[in-house]
2 protein chains.
Amino acid sequence: MQVVLEEESLRDGLQAESRLFSLTEKMEIVRLLAEAGVRRLQLGSFVNPRSAPQVANTDVLAALVRRQYPDLLCTALVLNEKGLERAVRSGLNHLSMSISVSDTHSLHNSGRPAAEALEAMAELIARATSEGLQVRAGLQCAFGCVTDGAIDEAIVLAAAARLAAAGASEINLADTTGMAGPHQITSMATKVRKAHPEVEVSLHLHDTRGLGLVNIYAGYEAGVRIFDVAAGGLGGCPFIPGATGNVATEDAAHLFQGMGVATGIDLTLFCRVVDYYEALLERRLPGRMNRALQGATTGKDACAS
Amino acid sequence: MQVVLEEESLRDGLQAESRLFSLTEKMEIVRLLAEAGVRRLQLGSFVNPRSAPQVANTDVLAALVRRQYPDLLCTALVLNEKGLERAVRSGLNHLSMSISVSDTHSLHNSGRPAAEALEAMAELIARATSEGLQVRAGLQCAFGCVTDGAIDEAIVLAAAARLAAAGASEINLADTTGMAGPHQITSMATKVRKAHPEVEVSLHLHDTRGLGLVNIYAGYEAGVRIFDVAAGGLGGCPFIPGATGNVATEDAAHLFQGMGVATGIDLTLFCRVVDYYEALLERRLPGRMNRALQGATTGKDACAS
């Protein structure tokens, strides 16, 4: 049984960095990703360039990538009408939209309480699908919010129902704060999948508390087949000591490889992606497998246990 | 249902460090561990002080700890007759012994092929139990060896049977090379538990490929209730870039806490142990929860997803 690992480094990863990546650098990353077998990636966001300069070149990047890599499934994040218009012009067929189920987080991020943001996104989904686009709808803080605490599963289920009704082809449950544990993942994923067999359910997990891979494993055992990952574990807020990013693509690919589950990703080739990011960002990224595959941690089992 | 996290930092952790820890420093660590709720710990090894100077003070440490902390379950590693004699003199009631199921690794570590080392350990176990001691018998490379490759489950099962017959009260399956994945853990732990309901089965996992916590979770779901961990993720070989240590105690404790499983460990107090180690070793350790609990990674969920 196969799994899709959606690569988030160009959007979720880079928007957390202060260094701006040029179009040429991003195209090189796409080339390396494609060579490594990545089949699905989020190219950027159609948001105000002033608020997110890191993704300001998303429009032209989308156009170039679509022409050079017609077999790659590319998406981008859209948060409002303006973004949707840019997405339509870019020629992308898949979009990602996202709101938070936590009121505090929603107000902070979008200036609107959660219920209002949900309605607005439902309308945007309906508009996008009427234009023939496929939409993945994301629910941030689906497993808890640091300010609002635990999130009632019923809230997430109600939001998922609203988004499915609006025409989303995929519901993405995002553990924005890294607060999820394997039992919550199992419970939530099982319930959403059962309530909405007509949509795909995907997981977006952060490794803030070290549980990223545990949660991916639990999600897989609960039937989830699409997971958001980022090369090297990019994402989160890099000026905070300690990795708070996404699950590293190479670590997730390795987990599934060991389980005999196909992801399409060639680990050895994927390490070139991580090397490239580390070279440009001038720092080591937290993912484990890049170091392990370079032989840095193998062959040293001459310890007592 | 509760779990025992056996603290390995004083033995597995420190033997991988070049800095020598004084008796006073080790006693301070024991004090902090006890305050944080740790109930079981490996104090050191009874081996030749010249080959492992880091644990040369194990005899006197054991004597001091037994007197000051009578409720702590303390163990130490014993590899031969001489070590057993020192252990008996130290007054410890629990010992840990270990061999490798991989021939190459066994020859490298003990100068003997695996089968020979197994027999020698079986005899040592019989001697120790005749002296009234309880013995945990460990099988290194139980999930694979970097030189010999995958290890046949039948080999591990045969070794476990030999050790149980020799009188071991606990079989410890060690993923020395970090090559285990959750399915192998589930399979091996289930089989050993089923074959030997009269002994405890414990897991010693390394986080070399980032799967430490995934494997702990899989082990727990397979019925394992004792896990070896080390503060901050100490252990392994520190001069190799990238963490190759044990699963961090605080990360495992947090995983179980989220699952409603009692470990006895107070996470906030345990972070003082990690802080102390980091101060003396003058470097940051790879465990995630220490940083997360210091608020370094919380409250920063103002990102798009």
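I call a residue buried under 20% relative accessible area, exposed over 50% and partly exposed in between, with a 1.4 Å probe and protein chains only. Helices (H or I, at least four residues) and strands (E, at least two) are DSSP runs, numbered from the N terminus.

This is a predicted model, so I kept its limits in view: local features need pLDDT of at least 70, side-chain atom pairs count only at pLDDT 80 or more, and totals for chains, interfaces and linings use all residues. Residues are numbered from 1 along each chain as its sequence is written, chains are lettered from A and ligands numbered from 1 in the order in which they are written, and side-chain values use heavy atoms, with hydrogens and water left out.

**Helix α10, chain B**

I began with α10(B), residues 249-258. Eight of its 10 residues are buried, so the rest of the structure largely encloses this helix. The buried ones are B:T249, B:E250, B:D251, B:A252, B:A253, B:H254, B:L255 and B:F256. Just after α10(B), I noted a positive phi of about 75° at B:G260.

I looked up two residues of chain B here. B:C141 has phi near 60°, positive although the residue is not glycine. B:C141 lies in the loop between β5 (134-140) and α7 (153-166) of chain B. Its relative accessible area is 0%, so B:C141 is buried.

B:E282 also has a positive phi, near 55°, and is not glycine. I found B:E282 in the loop between α11 and α12 (289-293) of chain B. B:E282 is exposed, at 71% relative accessible area.

**Aromatic pairs**

I count rings of Phe, Tyr and Trp (its six-membered ring) as a pair if their centres lie within 6.5 Å; planes under 30 degrees apart are stacked, over 60 edge-to-face, and the rest tilted. The structure holds seven aromatic pairs over all chains. One of them is A:F21 with A:Y277, tilted, 6.0 Å centre to centre with 50° between the planes. A:F21 sits in the loop between α1 (9-13) and α2 (23-35) of chain A and A:Y277 in helix α11 (residues 267-281) of chain A, so the pair ties together parts 256 residues apart in sequence. Both A:F21 and A:Y277 are buried.

In chain B, the ring centres of B:F21 and B:Y277 are 6.0 Å apart and the planes are at 55°, so this pair is tilted. B:F21 and B:Y277 are both buried.

I also noted one aromatic cluster formed by A:Y220, A:F227 and A:F256.

**Charges over rings**

My test was NZ of Lys or CZ of Arg within 6 Å of the ring centre and within 35 degrees of the ring normal. The charged end of A:R19 sits over the ring of A:F21, 4.7 Å from the centre. The charged end of A:R225 sits over the ring of A:Y220, 3.8 Å from the centre.

**Strand β2, chain A**

Strand β2(A), residues 40-45, is mostly covered, with six of its six residues buried. I take two strands as paired if DSSP finds at least two bridges between them. β2(A) pairs with strand β3 (residues 73-77) of chain A in the parallel sense, over five bridges. A:S45 stands opposite A:L77 in β3(A).

**Helix α8, chain A**

I found these buried residues in α8(A): A:P182, A:I185, A:M188, A:A189 and A:V192. Seen down the helix axis, they fall within an arc of 135° (taken from the directions from the axis to the C-beta atoms), so they line one face of α8(A).
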